[in-house]
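Here is a set of questions and answers for a first look at a structure. Keep the sequence and the 3D view open while reading.

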Amino acid sequence: MLIAILMSGLAVGAVYALIGVTYNVMFSASRVMSFTAGQLGMLGGVLGAAFIGVLGLPAILGFILTLAVCALVGVLTEIIAVRPVLNSLEQHLYVLSTLAVALLIQQFVAIEWSTEPQPFPRLLGVGGGGPTDEKFWLPMLACAATVAGLEFLYRRTLVGRAFLAIAEDNFAARALGLPERNLRMGSYALAGVIGGVAGFASGQLLLAFFANGAMLNFYGFIPVALGGLGNNRGAIISGLLLGVFQQAANFTFGGVFASVAVFTVFIVVLLAAPQGLFGMPPQRRV
Amino acid sequence: MKVTRRGLTIGGVGLATASGLGLARPAIAQSEPIRVGWLAALTGPSSAPAIGFDRGVHHAVDAINAAGGVGGRKIELIVRDTQGDPTKAVNAAQEMISRARVHAIWGPTNSGESLATTPIMARARMPDIHPCFVDSLINVARYPNAFRLAPSNSQIDDAVSDYGVKIMKLKRFAVIGDTTGYGTTTVTSSSAAFAKRGADVVYKATIDATQPDVTPDMLRMKNAGAEAIAVWTVSPGLISRLMNTRANMGWDVPLIGHPAMGSGEVGRLVAKPENWEKTYILGFKNCSYGPDGKLPAHVQEFVDSIRGKIELEDTTLWWVVCGVDAINLVARAVRETGSTDAAGIIGYWNTVTNYPGLYATCSWSKDDHNGLPQSDLVMSEANTQRLGAYKLAPGYS
């Protein structure tokens with residue numbers, strides 16, 4: 001029983017963590033909280049089911065195509081919803097523009113795909129539905145691979161360091177001759193890939209369902225707030241903790257009371273540490 | 001008498017006015033089509049029932065018109081797609097009443113829309129038949145024009161709890177629903193129905209339909225000692241997760257309740273076909289296969305007659321035949337009263353007793369506009385759908 005709760009909690013938590021990282025990658029490059037993060041996760045599941053389950057493509061090809069389309073959606077989000085409002089960040093127009101794109105994606109999927117959840121194909125056929133089933137460990141594996149990949153990208157590659165440079169200070173990065181716009185588009189494509197990985201890996205758990213986007217937007221935001229805005233490690237740890245806590249609350253309290261428990265803890269943590277559990281207090285230049 | 005030019009003119013005008021306003025009117029009324037409004041949520045997320053009803057409605061209208069109509073008057077359908085939106089349903093109902101001047105309305109087909117349109121139709125004294133379940137939609141004092149051609153929620157609760165307690169002979173039940181208004185209210189009413197029969201409701205909860213894993217909830221139900229789970233949701237995702245988790249836990253507990261558990265979407269989402277077994281849904285006697293594998297004779301005859309004409313594999317038989325019955329009840333009222341007068345149609349429906357419909361044996365009276373007898377509600381095996389109908393659940397002779 002404990003293993004069942006732990007495995008499903010970690011699996012769900014890994015998905016929340018990846019969506020949190022998706023938020024962070026977009027935020028780091030543009031200082032914009034893009035509410036398309038959850039929709040990218042939803043697209044990962046729907047496109048995976050469409051390419052593999054409906055069109056019958058091999059799983060690897062379906063996976064690559066899914067990530068390519070999600071990356072494209074990420075780039076389009078930057079062009080349509082982020083770039084036009086970058087000059088007026090203080091007015092928070094990006095809330096409206098990114099929410100509008102998120103709704104467009106959701107409605108398009110509802111019309112063209114289905115308003116009912118559709119099955120996601122078995123990928124490896126490992127496990128018989130119990131705690132060791134692939135639907136539980138695939139999201140965890142995807143989360144671990146993403147963390148390792150991001151660490152490699154940011155620490156070992158020039159492009160990754162350039163991403164970090166514009167995240168740190170985009171004015172200084174531009175002054176040094178870094179192509180800020182291209183790097184920002186690259187970050188949004190990367191966010192699309194991470195969101196797509198989250199949705200694809202959790203397809204068997206969440207099913208290919210257009211309404212998953214709103215749910216992931218919501219629960220994916222909590223690790224960002226708890227872990228500290230822009231802090232990927234904080235988002236990963238907070239996401240995993242959130243998933244386990246949510247499943248434990250489901251077992252202890254049941255039904256909707258579990259959501260009440262989750263949000264009570266969320267509010268208490270933010271009251272105690274407004275910058276998030278792993279975030280630094282804002283420093284003022286003097 | 002001297003006939004003057006002025007007298008001739010006045011007389012002519014008077015005659016023309018009289019013929020226009022009164023004398024010729026009955027002749028026009030007798031030949032004009034019978035206009036039936038059909039408020040249908042044909043698109044949108046809750047469109048599946050209306051699409052099924054629509055097939056039956058068009059079939060019935062075509063059949064009546066092909067036979068010469070009702071007393072020579074053809075039926076004209078005025079269809080408006082409400083998209084499941086109460087605001088659109090209200091606009092469509094008002095347009096049907098004041099502009100299209102329909103003689104009767106069939107629909108809306110979901111309770112949310114019906115809650116909005118029923119008072120409007122009552123004010124206009126518009127004869128209305130609808131298939132919505134919410135109890136408060138039928139009230140002969142407030143809505144004397146509204147007639148239900150479906151079970152009420154109370155009847156459904158009674159049917160499911162009767163099956164669990166009296167036929168399955170179980171004592172301890174878990175009652176769960178989704179977090180929608182429907183799920184929340186039905187969990188309460190269904191629990192009360194079980195309690196009324198002396199059963200213990202050992203677990204009662206609502207679950208978010210998008211919750212990825214229901215293992216914790218199922219463990220709680222098992223630990224509480226539930227012998228059966230009553231499920232009240234229309235979400236195939238939640239239903240299939242309950243079934244898959246039940247199988248993974250190796251828990252042989254029956255699921256009973258909402259007809260959505262028998263939908264094709266659920267069949268596509270269960271991990272293995274056997275996960276769909278031991279699930280019993282609310283059904284209707286006329287639309288259930290008996291032990292001989294056949295429907296009641298008159299329904300079987302209808303199904304045989306529409307083979308190849310109406311698609312039944314992707315819908316539910318009761319939706320189709322309910323649409324047929326609704327149109328036939330309007331036609332019958334016009335035939336029996338000889339007019340399309342609203343008071344006449346309502347007055348006739350108030351006298352309908354044991355109408356041998358395809359969907360059910362329907363009765364209405366001045367004091368009760370709930371059309372279905374409790375005996376027409378049965379339970380069916382969820383995974384046995386064939387031509388839109390299901391096999392009777394175990395326990396019925």
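Q: Over how many bridges do strand E1 and strand E3 of chain B pair?
A: This is a predicted model, in which local features need pLDDT of at least 70, side-chain atom pairs count only at pLDDT 80 or more, and totals for chains, interfaces and linings use all residues. Residues are numbered from 1 along each chain as its sequence is written, while chains are lettered from A and ligands numbered from 1 in the order in which they are written. Strands are DSSP runs (E, at least two residues) and helices likewise (H or I, at least four), numbered from the N terminus; two strands pair if DSSP finds at least two bridges between them. E1 (residues 34-40) and E3 (residues 104-106) of chain B run in the parallel sense, and the number of bridges is three.

Q: Which residue of E3(B) is the bridge partner of B:Trp38?
A: Strands of a sheet pair through backbone hydrogen bonds, either parallel or antiparallel. E1 and E3 of chain B pair in the parallel sense. Within E3(B), the partner of B:Trp38 is B:Trp106.

Q: Which strands are the edge strands of the five-strand open sheet of chain B?
A: The strand order is E2-E1-E3-E4-E5 (chain B), with parallel pairing. An edge strand here pairs on one side only. The two are E2 (75-81) and E5 (146-148) of chain B.

Q: At about what angle does helix H4 of chain B run to E1(B)?
A: Axes are lines fitted to C-alpha atoms, for helices over the stretch in contact, and angles run from 0 to 180 degrees between N-to-C directions. Residues are in contact if their C-beta atoms, placed from the backbone, lie within 7 Å. H4 (residues 86-98) of chain B lies across E1, E2 and E3 of chain B, and its angle to E1(B) is about 175 degrees.

Q: Which strands of chain B does helix H5 of chain B touch?
A: H5 (residues 111-123) of chain B packs on the sheet. Its direction makes about 140 degrees with that of E5(B). The strands touched are E1, E3, E4 (128-130) and E5 of chain B.

Q: What is the strand order in the six-strand open sheet of chain B?
A: The pairing in this sheet is mixed. E7 (200-207) and E14 (377-381) of chain B are the edge strands. The order is E7-E6-E8-E9-E10-E14 (chain B).

Q: In E9(B), which residue is the bridge partner of B:Ile229?
A: Three bridges join E8 (residues 228-232) and E9 (residues 255-257) of chain B. These two strands run parallel. The partner of B:Ile229 is B:Leu255.

Q: How far apart do the C-alpha centres of domain 1 and domain 2 of chain B lie?
A: Domain bounds come from an automatic or database domain assignment. Domain 1 of chain B covers 33-152 + 299-375, and domain 2 covers 154-290 + 379-391. Their C-alpha centres lie apart by 29 Å.

Q: Which helix gives the largest share of the side of domain 1 of chain B that touches domain 2 of chain B?
A: In this contact, 20 residues of domain 1 of chain B meet 11 residues of domain 2 of chain B. H11 (297-306) and H12 (317-337) of chain B each supply at least two residues of the domain 1 side. The largest share, four residues, comes from H12(B).

Q: Which helix of chain A gives the most to the side of chain A that touches chain B?
A: The contact takes 24 residues from chain A and 22 residues from chain B. Elements giving two or more residues on the chain A side include H1 (2-30) and H10 (212-227) of chain A. The most, four residues, comes from H1(A).

Q: Why does A:Val109 count as buried?
A: A:Val109 is found in helix H4 (residues 93-112) of chain A. A residue is buried if 20 or more other C-beta atoms, placed from the backbone, lie within 10 Å of its own, exposed if 12 or fewer, and partly exposed in between. A:Val109 counts as buried because its C-beta neighbours inside 10 Å number 23.

Q: Over which residues of chain B is the pLDDT below 50?
A: pLDDT is the predictor's confidence in each residue, from 0 to 100. Chain B averages 91, and 92% of the residues score at least 70. Where pLDDT is low, the predicted coordinates should not be read in detail. The stretch of chain B below 50 is residues 15-26.

Technical notes. Two residues are in contact if their C-beta atoms, placed from the backbone, lie within 7 Å.
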